Structure formats: structure tokens, C-alpha cells
Amino acid sequence: MPITTIANMQIVPEKFSQYVIDRTTELNTFVNSGIAAPDATVAALINGTPQGGRFIQVPMYNPLEGEEDVFGEDDVSIGGVTTKDFRATLLIRQKAWGDTDLSRVLGGSDPMGAIAQLMADWRNTREQKIYLSILKGILDPTNGALKCHVNDVSGGTGTAANISQTATLDTKQLLGDHYGALGMVFMHSATYTYLQKNDMIARTPVFNPAGDTVEIQTYLGYRITIDDSMPVKIDGTYAKTADTAVTAGKTYYVLESDGTYTAVQVPADENIGNYYEMTKAGTAVYDTYFLGSGAFIRQDGSPQGFVGTETDRDKLGAKNYLINRWCQIIHPRGLSWVSEGKYTKATNMYPANIDLAACANWKLITDHKKVPIACLRHKLG
């Protein structure tokens, strides 16, 4: 029985690209929570970007100004509205897949769906890192454009360094009278467990029309999303692992480009040479994010001349390839990408995640209270 290969699948590139986009959007935590939302104006600008375009300028209105008139016989004064714009950078990424890996999982009755399912899951994980990179950049406590929205209690003494009701209320107060715009909290599972132990998680049963009971979990009124990709910094000592294969139950780390170490969720033998182990444990510092609806613009698009999906075959090598490229805007409302941007890799025309995490690439262009993003940096007891 012949195996299924990409060349046999009769992939229609345009339809495949849209299928993966739709599936990725469906799975996206930020989209499903309402934190990231599409924007029709941004969509039109992306699709109208000429060949070689790197940025879009998005128009926006300034708040109305002036005082009201007292009713009388004098003519009513006439005011106007002014506009400004913010710059957003295109994010264009790509990945190629070879049939050596894919043919092992494409033996079912719906190979097209299998590829799209796997690719959408992978892209969703990668997109999550984009949001976290942006948040890291704009919430840098020293130079971030939104540094005034960071409440760092991790340097406190004893329990004062831990997440608590008081620390959380102080964090939401950073937005002043706009604190009500914050509706969701994104936290690491370790933070969630700590709050559970201290009876700080509320569970509210909700009955849907089908008769099922859905439980909504909240922390001080904020709906909870648990994600172990949330930033956690452990001030420990690390060394390259001497293992030649993954040891079950052992935690491995990778060295990020910013000098921090991140735990590997699913370690693989083929990557063991890049892994580190913690040789001396330190104290973990966690970032917990409080976000509001529509805090990010998330819009897919296709600039002129952009080719999303292609297939190819190396006949002499009997190899099949699937190349997928995607273009999108992921941008925090109320901020603007600075000028041409500073990229770590000089040959890059579009930013990598490390560039998105660079605070020098972002500036605040509105009243900070109107940006529904805040960070509580803390320890656990």
C-alpha cells in the first residue's frame, strides 16, 4: 500500500493557507478570551501594502477637547476633532516541512486536515510567544513604554514579595479610574496552585442551554487563563546537560536570546545538546498579566506579491516539501512601533521575537490609563 505524501494530496495553496489561518484563530487563547481582536482598517492596510512594505500607518482620532458653553443668546462655539496615527510592523514568518516527518502521520483518511491540525497547533504555540515578547518589551520596569503599569513586589521581605490581594489591588490601581477595563488574568500554573492553596480562587457554576454545567474560575473577579509559557525567572545556576538522551521526569532548560533560561515543556532527544540543567536552585519570580478586552489588534493579511503556501518535490531525492508563510499584525493598542525599528539581525526586514521584546522599539501614544495591560511581578510562598 503506497504511503501518503504531500505531492499526492493535491493541496490548493490559497485554500490551505486560509484553512490554517482559520484553525489557528480558532485555537488562540488571546482571541478566544477577547484580548486580541481583528480590525477591518488594519486588514485593508495589510492587503494594500505594496511589494516591499514593512509597516502600516493606522489613523486614529484624538479625544475631543474644549469646554462646553452656557446656554444663552451668544452663538455656540464650534469645536473640531483632530487625528493622529500609529505605526504597526508587519510580522511575516515562514516554515518548511519535509515529508520524512509528515508522512508518518499522514496515513489517515484526511491527510489535509491532519497537516492543518498539526500546523495550526504549532503556529498557535509560536504566536503565544509573540504576545509574551511584546508584553515583555512594553512592560520592562526600567525603560518599557508601559513601565508605569508594572507592580514589582518580588523584592519585598517575606510574604510581601508574594502575590496577594493587596498586591493585586495595587496593580489594578496603576490604571487609576480605568481599572475596570481589566477583565482577565493570565498566570502560570504554579501561581494558580498557590492561589488555590490559599483559597483565593472562586468557582461559579454556569448552566448552558444544553443543560451542562460549566465552571468559571475567577481571582478577585478576574477570569483566569492558565499558561505555563507565562514568564518565570529563576535566579539559579545552570550548566549544559551531560545527558545524551532525555531522562524522564527531569526538567531541562533552554537559554533564550535575552539571557534567561526557560523550562522545556516537551524535551526531545534530538535537541538534548541544546539543553541546560539547573545546578543550584534560586527563587522563582513570576509575571502575572492583567489584560482587558481588545488590548491587542490581531489581523491576518496578504500583502501584494505575497505567496502563502507552496509545495515542491525533489525528484532525485524523493523528498516532498510544504512551505507555509503567513503575514499578520499583532499590535498593542495605544502604542506605536518606533520608526524603522532596531533589529538584532541586520539582514531581517521584519522583527523577530527578540526585537518585539526590545523596549526601545515601542512608544506610548495615548494616556497610559487607556491601555488595559498591567503586570504583577511576584514570588510565591
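These legends accompany several close-up views of the structure above.

Please keep in mind that this is a predicted model, where local features need pLDDT of at least 70, side-chain atom pairs count only at pLDDT 80 or more, and totals for chains, interfaces and linings use all residues. Residues are numbered from 1 along each chain as its sequence is written, and side-chain values use heavy atoms, with hydrogens and water left out.

**View 1. The largest nonpolar core has 31 residues.** A nonpolar core here is a set of buried Ala, Val, Leu, Ile, Met, Phe, Trp, Tyr and Cys residues joined through side-chain atoms within 4.5 Å. Buried means under 20% relative accessible area, exposed means over 50%, and partly exposed lies in between (1.4 Å probe, protein chains only). Leu135, Ile138, Leu139, Tyr289, Phe296 and Ile373 have the most contacts inside this core. At least two core residues come from each of helix H5 (111–138), strand S6 (182–187), strand S15 (284–292), strand S19 (335–337) and strand S21 (373–378). Helices (H or I, at least four residues) and strands (E, at least two) are DSSP runs, numbered from the N terminus. H5 gives the most to this core, six residues. Apart from this core lies another, of 17 residues, including Ala167, Ile201, Phe290 and Ala374. In soluble globular proteins, nonpolar side chains tend to be buried together.

**View 2. Here is Ile138 with its surroundings.** Not counting residues up to four places away in sequence, Ile138 touches Gly144, Ala145, Leu146, Lys147, Pro332, Leu335, Trp362 and Ile373. Contact means heavy atoms within 4.5 Å.

**View 3. Helix H3 (residues 40–47) has buried residues and exposed ones.** Val42, Ala43 and Ile46 are the buried residues of H3. They lie on the same side of H3, because they cover an arc of only 105° around the axis; the arc is that of the directions from the helix axis to the C-beta atoms. Ala40 and Ala44, on the other side of H3, are exposed. At the N-terminal end, Asp39 caps H3, with a side-chain oxygen 2.9 Å from the backbone nitrogen of Thr41.

**View 4. Thr168 is found in helix H6 (residues 165–172).** Thr168 counts as buried because its relative accessibility is 1%. The side chains of Thr168 and Tyr219 are joined by a polar contact of 2.6 Å. A polar contact is a pair of N or O atoms within 3.5 Å; within protein, one must be able to donate a hydrogen and the other to accept it, and residues adjacent in sequence count only if both atoms are side-chain atoms. The buried residues of H6 are Ala167, Thr168, Thr171 and Lys172. Down the axis of H6 these buried residues fall within an arc of 135°, so they line one face of the helix.

**View 5. Strand S18 (residues 319–332) is mostly covered, with 11 of its 14 residues buried.** S18 runs antiparallel to strand S4 (residues 91–98), and eight bridges join the two. Two strands pair if DSSP finds at least two bridges between them. Arg325 in S18 is the bridge partner of Gln94. Strand S16 (residues 296–301) is also antiparallel to S18, with six bridges, and Asp300 stands opposite Gln328. Six bridges join S18 to strand S17 (residues 309–314), again antiparallel. In the hairpin of S17 and S18, four residues sit between the strands, and Ala318 takes a positive phi near 55°.
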